[in-house]
Amino acid sequence: MSKSLPGSARVVIVGGGIIGCSIAYHLAKYGVSDVVLLERKKLTCGTTWHAAGLLTTLRHSENATKLAKYTLDLFKTLEEETGQATGVLNTGSIQIASDEVRLEEMRRGCAMADCFGVTNREIAPEEINEHWPLADTSDTIAGFYFPDDARTNPTDTTMALAKGARSGDVQIFEDIGVTDVIVEDGKVAGVDTDQGRITADIVVNCTGMWAREFAEKSGVVVPLHAAEHYYLITENMDGMRPELPILRDPGNAAYYREETGKLMLGLFEPIAAAWGEEGIPSDFSFDELPPDWDRMLPYIEKAMKRIPAMENAGIKLLFCGPESFTPDHNYLMGEAPNIKNYFVAAGFNSLGILSSGGAGMIMANWIMNGHPPMDVFDADLRRTHAFQRNPKFLKDRVTESLGLGYQYHWPFRQYESARNVKKLVLHDRVAAAGACFGESAGWERPNWYAPKGVEPKYEYSFKRQNWFDYNAEEHRAVRENVGIFEQSSFSKFLVQGRDAEGSLNWICTNNVGVPIGKAVYTQFLNVRGGIEADLTVTRMAEDAFLVVTAPFTHMHVFHWIKDNIPANANCTIADITGAYGMLNIQGPNSRALINALSDADLSNEAFPFGTMRDINIGYQTVKALRITYMGELGWELYVPTEFLFPVYDALVEKGKNLNLRHCGYHTLNSLRIEKAYREWAHDIGADDTPLEAGLGFASDFEKPGGFLGKAALLEQKQQKPLTKRLVQFLLEDPEPLLYHDEPILVDGEINGITTSAMYGHTLGGAVAMGYLTNKDGVTADWIAGRQIEIRIGADKYAAKASLKPMYDPKSERVKA
């Protein structure tokens with residue numbers, strides 16, 4: 001007799017693939033009761049059932065690697081725990097490097113993996129053949145062996161997770177279609193199904209490639225799109241043994257593994273085919289798509305060269321099954337910003353099996369505690385943007401997203417598809433000045449400027465890229481003269497109301513109760529003291545404040561403010577990003593340039609640092625804020641959109657007399673890293689406190705009413721000295737380049753990892769930031785007595801280290 005559907009539950013999970021079952025398993029493991037999982041057909045019937053089951057732990061980022069390693073460790077014990085077979089085989093894996101670029105990429109990636117306990121070693125082509133006698137390694141330079149990697153049976157593993165969940169009293173129902181999520185007063189109230197209503201406190205959307213359409217019913221943005229995804233299975237082949245390592249061959253966009261005596265060839269072609277743009281059928285279950293032989297044959301023939309024996313083997317199956325991919329190739333997890341207790345876990349980019357254990361752990365903790373157990377902003381739903389729900393944008397982007405994992409992971413790589421979503425008002429002006437555009441949050445922004453006669457186009461490399469010298473010239477212009485940055489893409493929010501000051505003083509660490517026209521540098525903290533935002537707040541009126549933040553943080557910052565305005569406060573927030581452009585004039589001659597166009601008194605006495613005033617430039621009035629993120633004298637000019645053309649034109653024309661230089665975001669980054677200015681989501685985040693990050697000066701512990709996170713900081717202040725601190729590093733050798741995620745060695749042992757890096761053209765070498773830890777405290781004396789090195793691939797480079805900025809440590813230039 002089938003059990004009846006309950007009328008209520010604490011948590012309802014919608015979707016019975018491996019992600020939904022992993023969340024259910026972890027909730028049960030952590031003792032959360034009254035959990036219901038609903039599957040429209042049968043468990044695994046969407047995309048889980050046809051997954052290849054690879055458990056390869058080296059991923060493209062720190063968080064993805066941590067999730068994969070957790071998953072591997074969990075699955076190796078899951079069968080013993082639950083009694084349900086999982087099919088886990090500890091085969092190991094090998095990744096091939098068939099050119100010098102891939103060799104450097106893999107060496108850098110393996111250095112990062114060492115920081116997280118992922119066992120690996122570089123092997124010669126001969127050893128690849130010892131593991132894989134059928135592989136042709138004649139074009140191979142090296143391989144990288146991961147002995148702990150494995151493969152699993154996705155269906156059996158999902159059933160084991162489901163069994164573990166049921167043992168913790170999770171109720172799992174199949175053949176129940178969820179038609180909608182009930183939302184009342186901006187909060188989840190339950191779900192409607194084709195067999196009745198279930199009231200619930202929390203709903204988790206784990207509907208895989210249906211997640212976007214399902215979320216749209218509730219007005220939640222879940223940007224993903226399905227694409228055709230292929231693998232080929234041969235007839236039986238001699239030499240195919242279950243213990244063969246997974247063989248990854250990114251140069252051929254392929255992987256190979258054994259499949260019951262046959263060979264499985266998986267493909268991640270660089271230009272994929274979107275699927276389901278008209279909607280995915282609700283009855284799609286254990287289904288496959290008709291394969292496009294003509295499109296895939298060139299990739300198959302190329303991959304066959306790696307395993308020549310395939311040419312004489314029959315083909316049993318060319319399988320085409322849909323998988324969903326996200327616009328930035330990162331996962332989608334967390335709570336929807338616009339509906340309380342509406343959670344999402346989807347968009348795993350064909351990495352759902354190897355991420356499922358970690359994703360379940362993260363989501364269960366998030367649901368229980370209201371926050372994830374580690375900083376996962378790169379996978380947080382709040383990093384997304386409303387424009388990304390556009391179906392055409394998603395369809396065009398997915399053709400590129402599918403194959404990204406097997407493409408070169410170049411530093412500064414830019415997407416080629418679905419571009420020009422948002423254009424600056426001055427787009428054509430800066431394009432004419434030589435701008436090479438990059439994308440951030442949909443905005444086309446000048447990353448660097450090419451001189452006349454040079455095409456503004458990236459030529460990627462792990463060495464000095466083609467724009468390196470132009471970046472050096474822009475960098476020097478700001479340090480020695482004056483540069484102009486087009487920064488209109490920055491998000492601008494107006495917080496206003498009679499309780500605006502009190503509300504922001506609760507949200508901000510610093511005191512915003514300042515005179516009109518005063519800017520305040522501040523952080524937002526969570527209750528644990530971790531940094532949720534790093535930005536400026538300027539008082540525009542007694543009851544109005546301007547909040548400015550980087551565009552990639554737009555959704556996160558907007559909703560953090562909205563969610564933390566105290567109940568019943570007379571305070572609102574409005575997005576006014578489009579109302580103002582922003583031109584940033586920086587450098588020792590910035591005052592001279594602006595004064596050539598304005599009669600405003602820009603002296604230190606009349607216009608001190610951190611001040612915003614209206615000034616006239618020609619016929620136009622703009623808001624000038626004296627502030628810097630580059631470490632020089634400068635002003636951000638907030639220009640009403642209708643004034644942008646004449647103000648920009650006037651600055652550029654007058655700037656000819658001063659050799660004004662257009663500067664891009666790469667230069668902004670090289671300048672700010674030299675000055676050791678922090679960037680949120682890189683150097684600081686939800687797991688880092690202002691005290692650890694050297695930002696304690698921006699916390700006002702004496703202001704009335706305190707601030708969110710104050711208690712945690714006060715507790716940490718008792719810890720003297722701090723055992724974790726953010727440090728700036730400068731390589732002593734001027735040639736190597738740092739990017740981020742390089743291991744930091746203290747006295748020969750890995751101690752931390754670089755959080756951001758760029759070449760410091762003034763300091764004369766690669767500059768990075770990263771955290772060091774020491775149980776007895778990270779102090780200047782402790783650092784001075786240590787041997788500090790940074791590892792790039794297999795090579796170690798001596799580095800200077802400092803708690804203070806190595807460039808202008810007293811900020812004398814900023815206040816000149």
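Reader: What do buried, exposed and partly exposed mean here?
Author: Buried means under 20% relative accessible area, exposed means over 50%, and partly exposed is in between (1.4 Å probe, protein chains only). This is a predicted model, where local features need pLDDT of at least 70, side-chain atom pairs count only at pLDDT 80 or more, and totals for chains, interfaces and linings use all residues. Residues are numbered from 1 along each chain as its sequence is written, and side-chain values use heavy atoms, leaving out hydrogens and water.

Reader: OK, is Asp614 buried or exposed?
Author: Asp614 counts as exposed because its relative accessible area is 52%. Its side chain meets that of Lys623 in a salt bridge, at 3.1 Å from N to O. A salt bridge here is a side-chain nitrogen of Lys or Arg within 4 Å of a carboxyl oxygen of Asp or Glu.

Reader: How many salt bridges does the structure hold?
Author: There are 43. Salt bridges with shared partners also join Glu104, Arg108, Lys463 and Glu742 into one network.

Reader: What about Arg102, which residue does it pair with?
Author: Arg102 pairs with Glu105, and their closest N and O atoms are 3.8 Å apart. Both lie in helix 3 (residues 100-114), three residues apart, or about one turn. Helices are DSSP runs of H or I with at least four residues, strands are E runs of at least two, and both are numbered from the N terminus. Arg102 is buried because its relative accessibility is 4%, and Glu105 is buried too, at 10%.

Reader: And which residue does Glu632 meet?
Author: The side chain of Glu632 meets that of Arg479 in a salt bridge at 2.9 Å, N to O. Glu632 sits in the loop between strand 31 (620-626) and strand 32 (634-640) and Arg479 in helix 11 (residues 468-480), so the pair ties together parts 153 residues apart in sequence. Both Glu632 and Arg479 are buried.

Reader: Changing topic: how many residues are in the largest nonpolar core?
Author: That core has 51 residues, and Ile13, Ile23, Leu27, Val204 and Met333 touch the most other members. A nonpolar core is a set of buried Ala, Val, Leu, Ile, Met, Phe, Trp, Tyr and Cys residues joined through side-chain atoms within 4.5 Å.

Reader: Which helix gives the most to this core?
Author: Helix 8 does, with nine residues. Apart from this core lies another, of 34 residues, among them Trp132, Met237, Met296 and Cys320.
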